[in-house]
Amino acid sequence: DGVFDFLYLPPDRDCSASAGYAFVNFRSEALACGFKARWQGMALGEHDLPARLRITPAEFQGLEANLRHLKKKRGCRLAA
């Protein structure tokens, strides 16, 4: 009974870090809207020019659609 059922942090191809964005599938539209209302525009880190969260709907919606899309990506492994 979690808030989300899918989280994907694409890797940066040039190093062993995150690309700087994520895909999250919330279990309901209300949960997604609540997350966006709370976190949209929040600063990340304590730098002079901190990155700010920009939350937008993804092209693929729903757990199954996200898993299908991810499986199509070459070399992608899914954890159970």
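Select Asn66 to begin: at 9% relative accessibility this residue counts as buried, where buried means under 20% relative accessible area, exposed over 50% and partly exposed in between, with a 1.4 Å probe and protein chains only. What you have open is a predicted model, in which local features need pLDDT of at least 70 and side-chain atom pairs count only at pLDDT 80 or more, while totals for chains, interfaces and linings use all residues. Residues are numbered from 1 along each chain as its sequence is written, and side-chain values use heavy atoms, with hydrogens and water left out.

Asn66 belongs to helix H2, residues 63-72; helices (H or I, at least four residues) and strands (E, at least two) are DSSP runs numbered from the N terminus. Show its surroundings next: apart from neighbours within four places in sequence, Asn66 is in contact with Phe6, Asn25, Phe60 and Gln61, contact meaning heavy atoms within 4.5 Å.

Now widen the selection to the whole of H2. Which residues of H2 are buried? They are Ala65, Asn66 and Leu70, and because they cover an arc of only 130 degrees around the axis, they lie on the same side of H2; the arc is that of the directions from the helix axis to the C-beta atoms. Turn to the other side of H2, and Glu64, Arg68, Lys71 and Lys72 are exposed there. The buried residues of the helix pack against strand S1 (4-8) and strand S2 (23-26).

From the contacts of Asn66, move to Asn25, which is placed in strand S2 and, at 8% relative accessibility, counts as buried. Its side chain is joined to that of Asp5 by a polar contact of 2.7 Å, a polar contact being a pair of N or O atoms within 3.5 Å, of which, within protein, one must be able to donate a hydrogen and the other to accept it, and residues adjacent in sequence count only if both atoms are side-chain atoms. A polar atom of the Asn25 side chain also lies 3.0 Å from the backbone nitrogen of Gly62. Beyond four places in sequence, the residues in contact with Asn25 include Phe4, Leu63 and Asn66.

The aromatic rings come next. How many aromatic pairs does the structure hold? There are four, rings of Phe, Tyr and Trp (its six-membered ring) being paired if their centres lie within 6.5 Å, with planes under 30 degrees apart counted as stacked, over 60 as edge-to-face and the rest as tilted. Select Tyr21 and Phe23, whose ring centres are 5.8 Å apart and whose planes stand at 85 degrees, so the pair is edge-to-face. Tyr21 is partly exposed at 45% relative accessibility, and Phe23 is partly exposed at 32%. The pair of Phe26 and Phe35 is tilted, with 5.1 Å from centre to centre and 40 degrees between the planes; here Phe26 is buried at a relative accessible area of 16%, whereas Phe35 is partly exposed at 31%.

Finally, zoom out to the protein chain, whose elements run β-β-α-β-β-α from the N terminus on.
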